[in-house]
Amino acid sequence: MVDELLLGFRTIARERRLRLLVGLFSAQTFVDGMLNVLIVVVALKLLDTGSAGVGFLNSAVGIGGLLGALAAAALVGRGRLAADFGVGIFIWGVPIALVAIWPNQIFALVLLGIVGIGNTIVDVSGMTLLQRAAPDEVIARVFGVMESLFLLTVGLGALAAPLLLNWLGTRGALIAAGALLPLLVLPAWPRLNDMDRAARVPLERLEILQANPIFSPLPEPTLEQLAEALEEVEVQVGEEVVRQGEPGDRFYLVNDGALEVYIDGNLVQTLGPGDSFGEIALLRDVPRTATVRAKTAATVYALDRRAFLTAVTGFGPSLSAAEAVIGMRLGPAPSGIVRA
């Protein structure tokens, strides 16, 4: 375990992009730790709203996070994701400083709502960027290091907040905490732009995954990781992609062309672009329940067993969607639903 953890640290230290992302992420969680303390002081001393005000201010951050989720959905597949990450970091800090300039209750709620929006944008874009930057063989270790750093920096931020309050007072501490992130992200902006220019996002594959009921519930970083893992397979007329009774090792998405589905030699369905097959053998660990043969020349995307099972079984809504699809496909054969 120690060796694996150290490998994660060594990977981050070696990769310039990872160092930048981890550094900014750690700064954001450090300010998050300070904010946990400062919100209480703002409610009790600056706004004089009492203990109930603490709850309202925290709720504003949460509501902002929900609104940010709507914006984050549009981040999937964006080539300028590093710029989005930088914007998220920036708007995480500035509103905290503005609370000190005009200590108004409604104004503070709106500003902390913006912090919540920035928090969601940072989480989605940052995790996706880390996934792009980290080598596949050590990605789990890199994320393990990140989680450890998050816990450490949140704790350090909570310890630093009382010191700032004692030294600078309430308003001074808010301004110092809020200014930290913009001061860090602005000099890093050229490097974030370089990351965007180097990014290669498989948009077509992402769109196919998002349109599929099994994958559409998955988080955005997972979708992008799966899009990278898809393997394009060209199929000729009459070629069998899977055969009934054989072991299953892949899941398939149809990109173009037409394929026919046979059960016990009987044609039951024709598949076209956007359709998929192969999940029953993987999720049920049984032989293929149907044969799928190319009616025309076709292109399909294949996802290997491990990547499919890790993504689908590791996320409840996606697994439920997959089970619903299997439920339909294992219905009576005359229904015409593919069973593979």
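**Reading the features in turn**

Tutor: Strand β4 (residues 259-263) and strand β5 (residues 266-271) pair in the antiparallel sense over five bridges, and, like everything we discuss here, this pairing belongs to a predicted model.

Student: Which residue stands opposite L267 in β5, and what do β4 and β5 form?

Tutor: In general, the side chains of a regular strand alternate between the two faces of the sheet. In this case Y262 is the residue opposite L267 of β5. The strands β4 and β5 form a hairpin with two residues between them, and D264, in the turn, has a positive phi of about 55°.

Student: How should I read the contact of α5 with α6, and at what angle do the axes of these helices cross?

Tutor: One looks at the axes, and then at the residues that meet. The axes of helix α5 (residues 105-133) and helix α6 (residues 139-198) come within 3 Å and cross at roughly 145°. On the α5 side the residues are M127, L129, L130 and Q131, and they meet I139, F143, M146, E147, F150 and M195 of α6.

Student: Which residues of helix α7 are buried, and why do they line one face of the helix?

Tutor: In α7 (residues 203-211), L206, I208 and L209 are buried. Seen down the axis of α7, these buried residues fall within an arc of 160°, so they line one face of the helix. On the other side of α7, E207 and A211 are exposed. The buried residues of α7 pack against α8 (220-229), β3 (250-256) and β8 (298-304).

Student: Where is D48 placed, and is D48 buried or exposed?

Tutor: Here one reads the backbone angle together with the setting of the residue. D48 has a phi near 55°, a positive value in a residue other than glycine, and its place is in the loop between α2 (16-46) and α3 (50-73). D48 is exposed, with a relative accessible area of 63%.

Student: What is the phi of D285, and in which loop does D285 lie?

Tutor: The phi of D285 is near 55°, again a positive value in a residue other than glycine. D285 lies in the loop between α9 (279-284) and β7 (291-294), and, at 58% relative accessibility, D285 counts as exposed.

Terms used
Residues numbered from 1 in each chain as written. Predicted model: local features only at pLDDT ≥ 70, side-chain atom pairs only at ≥ 80, totals over all residues. Heavy atoms only, no water. Axes fitted to C-alpha atoms, helices over the stretch in contact; angles between N-to-C directions. Helix = DSSP H or I, 4+ residues; strand = E, 2+ residues; numbered from the N terminus. Contact = heavy atoms within 4.5 Å. Pairing = 2+ DSSP bridges. Buried < 20%, exposed > 50% of the residue type's maximum accessible area, 1.4 Å probe, protein only. Arc of directions from axis to C-beta.
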